[in-house]
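Please open the structure in your viewer and keep the selection panel at hand.

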Amino acid sequence: MAGMTLGAYLEAEVSDLDLIDLVDRIASACWKIAQVVRDAALDGNQGQADSVNPQGEVQKPIDLIADDIFRASCAQSAKVSVLVSEEVEEITNLKPGQSGDFIVAYDPLDGSSNLDVNLSVGSIFCVSRLADDLGPLPDGRSLKCAGYAIYGPSTMLVLTFGMQVVGFTLDVTGEDYVLTHPDMRIPAEACEFAINGSRSRHWDARVSTYVEGCITGPAGPRGKAFNMRWTASMIADVHRILTRGGVFLYPVDAENQAQGGKLRLLYEAFPMAMIAEAAGGRASNGQSDLLDIDAEDAHQRTSVILGARHEVDFFDALVTCN
Ligand code: P6P
């Protein structure tokens, strides 16, 4: 399978022609966003815009450009009726929704604070279908597709339709996405963890105990050495875990508890959780699977513990004496 183009893979592996059309359009949008990201400094698209997103975070010009590109591409699909974007407060109803239409929840440029320092950023999305008995928000266990594009040394598009995770590398010369990672898996064991350690003063006892166990190494309770990475770009951290294993943690803490945490359920946690599970890993909110959480608000937040199955299980089972 390696070496297949995206189009050939979709034709061979996906039976839903509407879904193929949508994923193809999303892939084209990511290609355009990759170009805008690459040329940001040349085009004066660095720095900050004079607006904030629904999270109250100052937007970057390129956040808005990426949202326009992603939105326009999805809107060209006849079957998309609902868009949920990190950059827009309101849910977008492109047309009167009917059962079976697509809902696309997306973060058009995640980790954009890394852009000005030339580190990897990306786009994250998941696709579900409108159902009569559900509102306009995705149900984690009914997602049809999830994926991300990572704009790094190379541009990659990583996709899952539920059964496996595949990675395509953008061949700019050949003008196509080429299957370079035909079966991305997360090993059950980990020796690398990712967490923003500067927030340790806000952590609860369980998070502190888990991280202490990792950093005390072979002489500690875990009996082995762990490495630590933190890129402040979820896509880059998750891509590393998909490529060489590990676990990612962004727990709710004393400072962000009022907001429900830092990361957003619909367009960060859900897509990455579907990818993690399809790659043999797990994704929880510290108590239960992320994909089982009921979405009640377009921008609701959650804890995210994601990656190596045994590490997520270990964290969820960790009991500490407060
Ligand atoms: P911190 C990026 O803004 C993001 O949503 C994720 O991509 C990333 O994991 C996290 O926030 C970074 O948070 O606390 O390091 O700024």
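Select Gly167 to begin: this residue stands opposite His181 in strand β8. The model in view is a predicted one.

Now select what lies between the strands: β7 and β8 form a hairpin, with 4 residues separating them. Within the turn, Glu175 has a positive phi of about 55 degrees.

Turn now to a pair of helices. Select α1, residues 6–13, together with α2, residues 17–38. The two helices pack at an angle of about 160 degrees, and their axes lie 11 Å apart. An angle over 145 degrees counts as roughly antiparallel, and α1 and α2 are therefore roughly antiparallel to each other. The crossing in which α1 passes α2 is right-handed.

To see the contact itself, display the side chains of Leu6, Leu10 and Glu11 on α1, then those of Ile20, Val23, Asp24 and Ala27 on α2. By class, the residues of this contact comprise 5 nonpolar and 2 charged, with no polar ones.

Finally, select the whole protein, which contains 7 helices and 15 strands. Along the principal axes, its C-alpha atoms fill a box of roughly 55 × 45 × 40 Å. The radius of gyration is 19 Å, which agrees with the value near 20 Å that a compact globule of 322 residues would have.

Terms used. Residues are numbered from 1 along each chain as its sequence is written. This is a predicted model: local features need pLDDT of at least 70, side-chain atom pairs count only at pLDDT 80 or more; totals for chains, interfaces and linings use all residues. Side-chain values use heavy atoms; hydrogens and water are left out. Axes are lines fitted to C-alpha atoms, for helices over the stretch in contact, and angles run from 0 to 180 degrees between N-to-C directions. Angles under 35 degrees count as roughly parallel, over 145 as roughly antiparallel, 65 to 115 as roughly perpendicular and the rest as oblique. A crossing is left-handed if the near helix is turned anticlockwise from the far one by less than a right angle, and right-handed if clockwise. Contact means heavy atoms within 4.5 Å. Ala, Val, Leu, Ile, Met, Phe, Trp, Tyr, Cys and Pro count as nonpolar, Asp, Glu, Lys and Arg as charged, and the others, Gly among them, as polar. Two strands pair if DSSP finds at least two bridges between them. The radius of gyration is taken over C-alpha atoms; the globule rule is 2.2 Å times the number of residues to the power 0.38.
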